[in-house]
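Work through the exercises below with the model open beside you. Each task is followed by a solution in steps.

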Amino acid sequence: MDKILRKNEFWLFCILLLMAFIVGGSNDAFWSRTNLFSLFKSSVVMGIFALGVLLVIVSGGIDISFPAFAVFSFYITVKYLLYIKFTGPVVIPFAMSMAIGTLLGLMNAFLISTFKLIPLIVTLGTGSAVTGFLRAFVGTGTLSNLPQPLIDFSRWNIYTETLSDGSVIGFSGSFLILIALSLAVAFVLRRTTLGRGVYAMGGDLTAAVRAGLPVPKLYYFTYGLVGALAGTAGIVHCSLIRLANPRDLEGAEMEVIAAVVLGGASLTGGKGTVSGTILGVFLIVLIKGSLILVGIPTDWQKVAIGVVLITATALTAYRSSKGGR
Amino acid sequence: MNFGFGKIAKGEGNIRQLSFITLCTFILMCWLLPDTFLTVRNFRSMSFQFPELGILSLAMMLAMLTGGIDLSLVGIANLASILGAFVFVKIMPPDSPEGVVLVYIAGVVALAVFVGMSCGLLNGFLISRLNVPPILATLGTMQLYTGIAIVLTKGAAVIGFPARYSVIGNGSVAGFGVPLIIFILLLTAFTVLLRKTNFGINLYLIGSNAKAALFSGIKVGKVLMISYMIGGLMAGLAGLIMSSRTNGAKADYGTSYILQSILVAVLGGVKPTGGSGYAIGILIAVLALQFLSSGFSMLRFSNFAKEFVWGVFLLAIMIVNYFTNERNKS
C-alpha cells in the first residue's frame, strides 16, 4: 500500500478522478457518452505525440520540432497520394507518413550526436526549417478531399450506439492505435537493451559513455522513433479531422510537453513512465475539453494550461530539490 | 571604455568570423540588388525594423549567459504592449490636452517596465527558488502571459493610440530613428553591466560553472532572479516599440521573434550552454539578419521561405561554431 501511495501515477489518477467528478458535478453533459467518446478520441493524437516526447525527455533531451514533422509528414503523404489517386489499403499512407517522420527524426539525431549540439536549439532550427520548407515549396493550401482509405479510417468505430434522437455515436477505433503504441513503447523502454540505454543516457550521459553504451546509436534510436511517432500522430490527426492543413498543430509541442511533465517525467532525464505520460495526456485533454462544460470561456484555455504546467513543474522541482537535501 | 572591439582585433573566436559573415551578406545584397538595397530609404527603414529584435536578443543573451533560456520574452512584450494599449483606449479620456497625453504616455512606459519586470520576476522565482528548468518555466509562463493577453483582448488587435505615442516607434532625433537610439543606449548599458559590474561577472561565472559559483560565495539565486527581471524589463520595452511602430497591440504578434532572437544570440557568439558572449556580438548578428531579411523581401522571398532560411541558418551557424571550436582545441 505504501508503495502505491508513493507512486506518481496513483496521485495523477486521483487528480484525474477528482477533476472528472468536479466537471461532471457541475455539468451532467460531461458524463454523456458523446462527450466521453470524444475525449478519448481527442487524446489519441496527443497521446502518440506524448509517447515520443516521453522517450526524448527520458534520454535527457527535448524535442520541439515534432509538430512540424507531423504536419510535414501527413501533408506530403496526402498530397502525393492524391496525385497518384491512391485507393489501396490504409496501411500505405500510415507507413509513408511514418517513414517521412523517421527520416526527419534521424536528421535531428545526426545534428545532435555528430556536432554535439543542444537538442532544444537543434529542434527549434529543424522545426522552423521544415515548416518553412513545407509552406514555401510544397504548398499552403488545405486539402479537404482526403484519399478514401483515410476517410474510411476516420469512420472506423469499435463500438457504435444509436441515441434516442436517432444520431449515431461511436468509440473511435483510432484509440486502439494509441493503446498498441503505448504498449510497444513501454515494452521497448522496460524490456530491451536499447530502452534501458535511453534511461541510462538520460540519467548520466558521461557515465553512459564510460559504461560503453553506444550513445550515438541511442540518439538515432530515440530521435528516429520520436520522428516515427510524430509521423504516425500526424496522419491519424489529419485523418480524424479529415483535413490536411499545413498550418495545423502549431504550438502543440507546448501541451504535449506539459502532459509528459505532468506525467512525472523529469526534464533532467532518466525518469518517466508510459502510464504516467498517458495519465498526463488524459489530464490535459480533460482540462482542455471541459472548460466550456464548467462555464469557463475557451479564451482561458492557454491560461489554464499554463497555470497547470507551472504548478506541476514547480511542485515536482520543489519536491525533488527537497528530496536531494 | 572597452566595447569588445579589442577582442575582435585580437581575433576573439566567433566575433571576427561573424563580422566577416555580416560583411559578406551586406556585399551580396548590394550586388544582387544595387538599385533597391543600397539606398538611403532602405537603410532608414532597416534602422526602424531591427531594434526590437535586437532588444529581445539582448534579453535572450542574458538568459543564455547563465545557461538558461527565456521562451516567454515575446509573451511578455505582447502582454506589456496590450496593457499599455488598454490605458490609452479605456482609461485615457479622448481629446485629452497635449500635456495630459504626455503624462499618460509616461505612465504607459512605466507600466510596460513594471509588467516586464513582474513577469521576469515570476520566471526568476520559478527558476532560481523552485529550481524549475528554465525551458519548462518559461514555456509555462509563455503560455500564461500569452493566455492572459488572449483573455484580455479576445485575440483581437487593440488599436487607437494617441499620435504622440508613435514617436517611440516611428520618430527620429537628429536623423536617427528613436528605436535605434533606444537600442544603442541599451546595448551600451548592457556592455557596461556585463563587463564592468560584479553582477555581470557573476553572470558569466554562473554560466561557466554554477556549482563552483555557488561555492565561491556568489548568491546564485539572487543573480538569476535579477537577470530574468532585466530580461523581462527589456521585453517590456521591446513591446512598447512594437506597439508604437505598428500602431497596434496583439496577443500573437511577433511570435517568430523567439526563434530569431535565439538565432541572433547564437550567431552573435553566445554559447547556449552559458558562460560566454558579448553584447557587441548581438549588434553585428542582428545587422546580419536584417540585411538578409530586407534583401530576401526585395528578392520577393515569402515569409515561409524566410522561416526555412532562419532554421537552416541557425543549424549552419551551430555546425560552423562546432568546427571552429574543434580546431581551436587541437
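## Exercise 1: A lysine after a helix

Just past helix 4 of chain A, A:Lys85 adopts a positive phi of about 55°. The model is a predicted one.

**Task.** Determine where A:Lys85 sits and whether it is buried or exposed.

**Solution.** 
- Start with the backbone. Phi of A:Lys85 is near 55°, positive in a residue that is not glycine.
- Recall the general rule. Most residues other than glycine have a negative phi.
- Locate the residue. A:Lys85 lies in the loop between helix 4 and helix 5 of chain A.
- Count neighbours. A:Lys85 has 8 other C-beta atoms within 10 Å, so it is exposed. The cut-off for exposed is 12 or fewer.

## Exercise 2: A leucine in a loop

**Task.** Find the loop that holds A:Leu249 and decide whether this residue is buried or exposed.

**Solution.** 
- Check phi. A:Leu249 is not a glycine, yet its phi is positive, about 65°.
- A:Leu249 falls in the loop between helix 11 (215–241) and helix 12 of chain A.
- Apply the count. A:Leu249 has 24 other C-beta atoms within 10 Å, so it is buried. Burial needs 20 or more.

## Exercise 3: Overall build of each chain

**Task.** What secondary structure does chain A have, and what does chain B have? Compare the radius of gyration with the globule rule for chain A and chain B.

**Solution.** 
- Chain A has 14 helices and 2 strands. Its radius of gyration is 20 Å, close to the 20 Å that the globule rule gives for 325 residues, so chain A is as compact as a globular protein of that length.
- Chain B has 14 helices and 2 strands. A compact globule of 330 residues would have a radius of gyration near 20 Å; chain B has 20 Å, which agrees.
- In chain A, 48% of the 325 residues count as buried. In chain B, 51% of the 330 residues do.
- Take contacts between residues at least 6 apart in sequence. In chain A, 78% of these join residues at least 24 apart. In chain B, 80% do.

## Exercise 4: The core and one buried leucine

**Task.** Which residues touch the most other members of the largest nonpolar core? Why does B:Leu267 count as buried?

**Solution.** 
- The largest nonpolar core holds 205 residues, and A:Phe49 and B:Leu58 touch the most other members. Helix 11 (residues 220–246) of chain B gives the largest share of this core, 14 residues.
- Beyond four places in sequence, B:Leu58 touches B:Leu186, B:Leu187, B:Phe190, B:Met234, B:Ala279 and B:Ile282.
- Go to B:Leu267, in helix 12 (residues 257–267) of chain B. B:Leu267 counts as buried because it has 28 C-beta neighbours inside 10 Å.
- List its contacts beyond four places in sequence. They are B:Leu18, B:Ala285, B:Ala288 and B:Ile317.

## Exercise 5: Interface and confidence

**Task.** Which helix gives the largest share of the side of chain A that touches chain B, and where does pLDDT stay under 50 in chain B?

**Solution.** 
- In all, 38 residues of chain A contact 38 residues of chain B. Helix 6 of chain A gives the largest share of chain A's side, 13 residues.
- Sort that side by type. It divides into 25 nonpolar, 9 polar and 4 charged residues.
- Read the scores. The predictor gives the complex an ipTM of 0.87 and a pTM of 0.89. Chain B averages a pLDDT of 88.
- Over residues 1–11 of chain B, pLDDT stays under 50. Where pLDDT is low, predicted coordinates should not be read in detail.

Terms used: Residues are numbered from 1 along each chain as its sequence is written. Chains are lettered from A and ligands numbered from 1 in the order in which they are written. This is a predicted model: local features need pLDDT of at least 70, side-chain atom pairs count only at pLDDT 80 or more; totals for chains, interfaces and linings use all residues. Helices (H or I, at least four residues) and strands (E, at least two) are DSSP runs, numbered from the N terminus. The radius of gyration is taken over C-alpha atoms; the globule rule is 2.2 Å times the number of residues to the power 0.38. Two residues are in contact if their C-beta atoms, placed from the backbone, lie within 7 Å. A nonpolar core is a set of buried Ala, Val, Leu, Ile, Met, Phe, Trp, Tyr and Cys residues joined through C-beta atoms within 7 Å. Ala, Val, Leu, Ile, Met, Phe, Trp, Tyr, Cys and Pro count as nonpolar, Asp, Glu, Lys and Arg as charged, and the others, Gly among them, as polar. pLDDT is the predictor's confidence in each residue, from 0 to 100.
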